[in-house]
Amino acid sequence: MYRQRIQFTKMHGAGNDYIYVNTLLYNIENPEALAIKWSDRHKGIGSDGLVLICKPDTNDADYKMRIFNADGSEAMMCGNASRCIGKYLYERKLTDKTVIRLETLSGIKILNLHLSDDAKSVESVTVDMLEPKLVNPKQYNKPENETLTADDRTFEGTFVCMGNPHFVIFVDDVNTLDIEKYGRILERDRCFPERCNIEFAQPLEDGTIRTRVWERGSGITMACGTGACATAVAAAVTKRNGRTSRIKMDGGELDIEWKENDNHVYMTGPATIVFDGEIEI
């Protein structure tokens, strides 16, 4: 029986790691199952999920991203993955553009690549994450008392839609909180018809925000780009910070600006190639 060999690239953005496959070269028929298999950190490649780089469905975009979480569910958007795609496309010479239009399930995102002095590598990427939404009945049915209960605790939070749903909870000490326990419960709260990404955030004295993430479909992750954006928006809405924030996550830092002139959220951060590999399917 012939088994196809697929080349992949492992990349991470602030520690949020995914397996990237160029579907212009390979036909991936069952990405849901492959995401589960390959993401296993003991029996597979190990990652937070699988990202497919695809031909766009519209002439308004240069490329398309499909992203599948470690549990096989398809995500609408991932800010860290979009930055990595920008780096991949440029450094693998699939494009010479420094402004790339990337089609996602939550709209077309604009990637601005910041190059090294010799223009051979991408040092960081700024992504236009479009406008946040504070109300989206398809993703959040606000409870009457505006609090959510998880086991022995009650949490107040701010819902922010960055295409995908987020619930940002500000706490006094994020390092002592059982993120896995409460994140797992809150993700599936009945207020979230599509489940939800949960951010636990702590404003620090230096003006930065320490944030830990329970990511829908993947569990605790080192970082979440849309989660960092949601945290910055929630901090501005609740007057904990201005419209510019540096978000410190387990895997690194992201700079977020929620601009007043267009109401868009802009995320800037690094992207790193870890290794290339080959695997059979």
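Predicted model: local features only at pLDDT ≥ 70, side-chain atom pairs only at ≥ 80, totals over all residues.

Student: Why is strand β18 largely enclosed by the rest of the structure?

Tutor: Four of the five residues of β18 (residues 265–269) are buried, so the rest of the structure largely encloses this strand. Buried means under 20% relative accessible area with a 1.4 Å probe, protein chains only. Strands here are DSSP E runs of at least two residues, and helices are H or I runs of at least four, numbered from the N terminus.

Student: Which strands pair with β18?

Tutor: β8 (residues 122–128) pairs with β18 antiparallel over four bridges, with T126 partnered to T268. β17 (residues 252–258) also runs antiparallel to β18, joined by four bridges, and W258 partners V265 there. Pairing takes at least two DSSP bridges between two strands.

Student: And what sits between β17 and β18 in the hairpin?

Tutor: Six residues, and N263 takes a positive phi near 65° in that hairpin.

Student: Switching topic: is A35 buried or exposed?

Tutor: A35 is buried, at 0% relative accessibility. A35 lies in helix α1 (residues 31–39).

Student: What does A35 touch?

Tutor: Leaving out residues up to four places away in sequence, A35 touches L50, F68, N69, A70 and G72, where contact means heavy atoms within 4.5 Å.

Note on methods. Residues numbered from 1 in each chain as written. Heavy atoms only, no water. Buried < 20%, exposed > 50% of the residue type's maximum accessible area, 1.4 Å probe, protein only.
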